[in-house]
Amino acid sequence: MAFGRSSRKQQPPVEPVTLKILVAGGFGVGKTTLVGAVSEIRPLRTEEILSEAGRPVDDLHGVETKATTTVAMDFGRITLREDLVLYLFGTPGQDRFWFLWDELAQGALGAVVLADTRRLEDSFAAIDYFERRGIPFTVAVNCFEGARRYAPETVRGALDLDPEVELLLCDARDRESVKNVLVAVVENALALAEGPKVLTT
């Protein structure tokens with residue numbers, strides 16, 4: 001029996017598009033946990049142990065058990081599709097490290113603002129930052145155990161979000177939950193980048 005070569009041509013490997021997404025929010029809201037839950041590589045973390053010197057300036061109300069803090073960034077990577085890879089950059093949450101945000105924000109397609117309903121006011125600075133710079137963002141409410149649950153519209157009203165800003169409930173520890181948030185961020189940012197569609201008749 002003779003075997004001939006297949007007439008099928010091998011498809012060239014797909015070169016993935018890489019997109020940069022920021023993960024922002026207040027101190028202790030779960031940014032490091034979110035990046036770690038979804039990253040397919042071992043995430044880069046720049047955490048340091050909280051010191052006594054920082055106690056006068058670090059508000060630990062609601063996160064009294066937190067022992068470490070991000071001082072530069074968290075970094076992770078997730079492949080959403082064969083042709084789409086996201087690079088995740090978690091921002092530091094404390095006021096004194098906000099000077100790093102401008103560097104981290106360069107080239108970002110969009111952002112996740114992670115919120116905690118027990119400390120909702122900590123989300124305002126991140127929301128204001130992205131609104132002022134025109135960076136599309138999605139708000140993800142991290143549903144902590146024991147925290148009171150609110151309807152998404154109630155949280156939206158409390159944060160005074162514009163209609164085009166999507167708000168989702170999530171569990172920052174759960175890979176699928178975080179993945180859904182990231183997909184929403186990408187879809188929202190791309191839709192805004194395309195601009196309003198003109199209907200033709």
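Helix α3 (residues 124–133) has Ala126, Ile127, Tyr129 and Phe130 buried (under 20% relative accessible area, with a 1.4 Å probe and protein chains only). Seen down the axis of α3, these buried residues fall within an arc of 160°, so they line one face of the helix; the arc is that of the directions from the helix axis to the C-beta atoms. The model is predicted: local features need pLDDT of at least 70, side-chain atom pairs count only at pLDDT 80 or more, and totals for chains, interfaces and linings use all residues. Residues are numbered from 1 along each chain as its sequence is written, and side-chain values use heavy atoms, leaving out hydrogens and water.

Surroundings of α3
- The cover over the buried residues of α3 includes β1 (17–25), α2 (101–105), β5 (110–115), β6 (137–142) and α4.
- Glycine 134 follows α3 and has a positive phi, near 70°.

Contact of α1 with α5
- The axes of α1 (residues 31–38) and α5 (residues 175–194) come within 9 Å and cross at roughly 100°.
- That makes α1 roughly perpendicular to α5 (65 to 115 degrees).
- Leu34, Ala37 and Val38 of α1 make the contact with Arg175, Val178, Lys179 and Leu182 of α5 (heavy atoms within 4.5 Å).
- The residues of this contact divide into 5 nonpolar, no polar and 2 charged.

Aspartate 160
- Aspartate 160 lies in the loop between α4 (152–159) and β7 (167–170).
- Although not a glycine, aspartate 160 has a positive phi of about 55°.
- Most residues other than glycine have a negative phi.
- Aspartate 160 counts as exposed, at 62% relative accessibility (the cut-off is over 50%).

Notes. Helix = DSSP H or I, 4+ residues; strand = E, 2+ residues; numbered from the N terminus. Axes fitted to C-alpha atoms, helices over the stretch in contact; angles between N-to-C directions. Parallel < 35°, antiparallel > 145°, perpendicular 65-115°, else oblique. Nonpolar A, V, L, I, M, F, W, Y, C, P; charged D, E, K, R; others polar.
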